[in-house]
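Biologist: I would like to learn how to read a model like this one, feature by feature. Please give the general idea each time, then the case at hand.

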Amino acid sequence: MDHIQSVVDQLYKTHYGKLVSSLLFAFRNIELQSAEDIIQDSFAAALKDWRSNGLPSSPVNWLFKVAQHKTFNKIKQDKRFTGYEPIESNEITEINFPESVLEDQQLKVLFACAHPDLSPKIQVVITLKYVVNLKVEAIAKILAMTVDGVDKLLLRARQKIRDEKMLITFPEHAVLIRRLPIVHKVLYLLFNEGYKSSWGKEVFREELCEDAMLMTKELLLSPISNKETLALYALMLFHHSRFKSRFGPSGDILDLENQDRAGWNKDLIRVATDFLHQSGDTLISTYHIEASIAYIHCTSLSFKETNWSLISKLYVRLFQTQPNPFIELNYSIALYYSGDTKEAFKILTRLLEHPFMNQYYLLNGTLGKFYAMEGNEKSARKHLLKAIQLTNFDLEKNVFQKMIDDLQVENKTN
C-alpha cells in the first residue's frame, strides 16, 4: 500500500462519520444517503488529487471543502438550490456541532446514534458505520451478516436518522444522562465484536477493541460518566490484557487453560484493577460483576488454581440481574471446573431444549469438550461434529476438529 492510500484510509477511519455529520449540519436539505455518497466521492477525489499534487497542508479541510462544493453542485442540479453560497476560502474548517457537555466529536455522534427507538442491533450497525467508520462489507463480516442484510438495516436506520435529524441534532444534558446506559451497551457490544476470535485479521480485531476502549475512556473524562462507566472500562482492560495470548503461533485459538499467562499484560491488569476498585458503588451493575469475574481470571496463578466456586456464584448474581441462556452456559462451565460436574451437565442438557441454544455451536462445543474429558467418546464426537456444522468460521471449526482428532489418538492409545 502506498503512502497516499494509507493516509486516505486512516482519514476515512477517523473522519468519515464526522464529515457526514458536518455536511448534514451545513446543508439541512440533503438526504443522508446523498451526504454519504458525496463524502465517498470526496475521498476518491482526494486519492487521485493527492497522488498527483501531494498532500495538502490540511487534508481534512481539503476533504470538507471538496464535499461542500460537491453538495452545492448537487443541490443546484436537483433544482433545490436554496441560496446557500459555496465557501471559497482556503481556510475551511470542520463545522462545529452545537454546544454540548461532550467535547469529543466521536462521542457526540455515538450519543446521537444511541437513539432509544432503535434496536440494539441497529445501534451497533450505525455506530460501526458512522462512529467507527467501517464499510458495509467490514460490518457484515464483524456481525456475521450478509452485505444485503446490513444494507437493509442501514436503510431502516437512515429513515429514522432523517426523520429525527439524529446526526445533526445533539441531545441536551438530561437526555445524554438518559442515553448513557444505551451508550454503555453499544460500547460493550462493540468491544465484544472486536474481541471475538472468529473473523478478520487479528490486527483488525484489536483495532476495533481499541476503538471501543478509547471512546469509553473519553466518556470517563466527560461530566456524565458514572460508576458503571468505570466498571465497563475495567472490564475492557482486563480482557484486552490477554488479547494476544488467545492465539497460538499459527493463529489458532487457545482456550483459557492453554494460554501462556506469562504473555498477559500485567500493567493493564493493574490499571484495570485500579479502575474496578474506583467503580465501587452501592448499586452493582452487570459490568461490575463481569469485571469481577475477569479480575479473578486475570489474577489467578493458573487455570487450575482459579477460584471457580466464586466465579460460579458471580454468574448466579449476573443471571439474577440479567437472565439469559448465555449466562447459564457460562455458569455451567464454572460449575464444571469447580467440581460440580453433575449440576453442570444437568444445566447444559436443559439448555439443549432451548430452540436457539440447541443450534448454538458453543453450547455443542462445550458439551463435546466436557464429554471428552469424562471419557464419553460417542457423545463427545456427536456434539463436536454438530458444533463444526453450526459455525461458519474456520478458526472455530479447527478447534473442534482438533478435539475430535485427539479423541481418535486417545482411542488408539487405549
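Biologist: Where is leucine 390 placed?

Modeller: Leucine 390 is in helix H18, residues 377-390. Helices here are DSSP runs of H or I with at least four residues, strands are runs of E with at least two, and both are numbered from the N terminus. This is a predicted model, in which local features need pLDDT of at least 70 and side-chain atom pairs pLDDT 80 or more, while totals for chains, interfaces and linings use all residues. Residues are numbered from 1 along each chain as its sequence is written, and side-chain values use heavy atoms, with hydrogens and water left out.

Biologist: Is leucine 390 buried, partly exposed or exposed?

Modeller: Buried means under 20% relative accessible area, exposed means over 50%, and partly exposed lies in between, with a 1.4 Å probe and protein chains only. With a relative accessible area of 25%, leucine 390 is partly exposed.

Biologist: Which residues does leucine 390 contact, beyond its neighbours within four places in sequence?

Modeller: A contact is a pair of heavy atoms within 4.5 Å. Leucine 390 has such contacts with Asn358, Gln359, Tyr360, Tyr361 and Asn364.

Biologist: How many residues are in the largest nonpolar core?

Modeller: A nonpolar core is a set of buried Ala, Val, Leu, Ile, Met, Phe, Trp, Tyr and Cys residues joined through side-chain atoms within 4.5 Å. The largest has 103 residues, and Leu23, Phe43, Ile126 and Leu128 have the most contacts inside it. Helix H1 (residues 3-26) gives the largest share of this core, eleven residues. Apart from this core there is another of 26 residues, among them Leu335, Tyr360, Ala387 and Ile388.

Biologist: Which residues does leucine 128 touch, leaving out those up to four places away in sequence?

Modeller: Leucine 128 touches Asn133, Leu134, Ile139, Leu143, Leu190 and Leu208. It sits in helix H5 (residues 120-130) and is buried, at 1% relative accessibility. For leucine 23, with neighbours within four places left aside, the contacts include Ile30, Ala35, Phe64 and Thr71.

Biologist: Why do the buried residues of H15 line one face of the helix?

Modeller: An α-helix has 3.6 residues a turn, so residues three or four places apart point the same way. In H15 (residues 341-351) the buried residues are Ala344, Phe345, Ile347, Leu348 and Leu351. Down the helix axis they fall within an arc of 160 degrees, so they line one face; the arc is that of the directions from the axis to the C-beta atoms. They pack against helices H14 (325-338), H16 (355-358) and H17 (361-373). The face turned away from this buried side carries the exposed residues Lys342 and Lys346.

Biologist: How many aromatic pairs does a search of the whole structure find?

Modeller: A pair of aromatic rings is described by the distance of the centres and the angle of the planes. Rings of Phe, Tyr and Trp (its six-membered ring) pair if their centres lie within 6.5 Å; planes under 30 degrees apart are stacked, over 60 edge-to-face, and the rest tilted. The search finds 23 pairs. Phenylalanine 303 and tyrosine 337 form one that is edge-to-face, at 4.9 Å centre to centre and 85 degrees between the planes. Phenylalanine 303 is in the loop between H12 and helix H13 (308-321) and tyrosine 337 in helix H14, so the pair ties together parts 34 residues apart in sequence. Phenylalanine 326 and phenylalanine 356 also form an edge-to-face pair, at 6.0 Å and 75 degrees. Phenylalanine 326 is in helix H14 and phenylalanine 356 in helix H16, 30 residues apart. Ring pairs also link Phe303, Trp308, Tyr336, Tyr337, Phe345, Phe370 and Tyr371 into a cluster.

Biologist: Which side chain makes a polar contact with that of histidine 288?

Modeller: A polar contact is a pair of N or O atoms within 3.5 Å; within protein, one must be able to donate a hydrogen and the other to accept it, and residues adjacent in sequence count only if both atoms are side-chain atoms. The side chain of histidine 288 makes one of 2.7 Å with that of serine 285. Histidine 288 belongs to helix H12 (residues 286-299) and is buried, with a relative accessible area of 5%.
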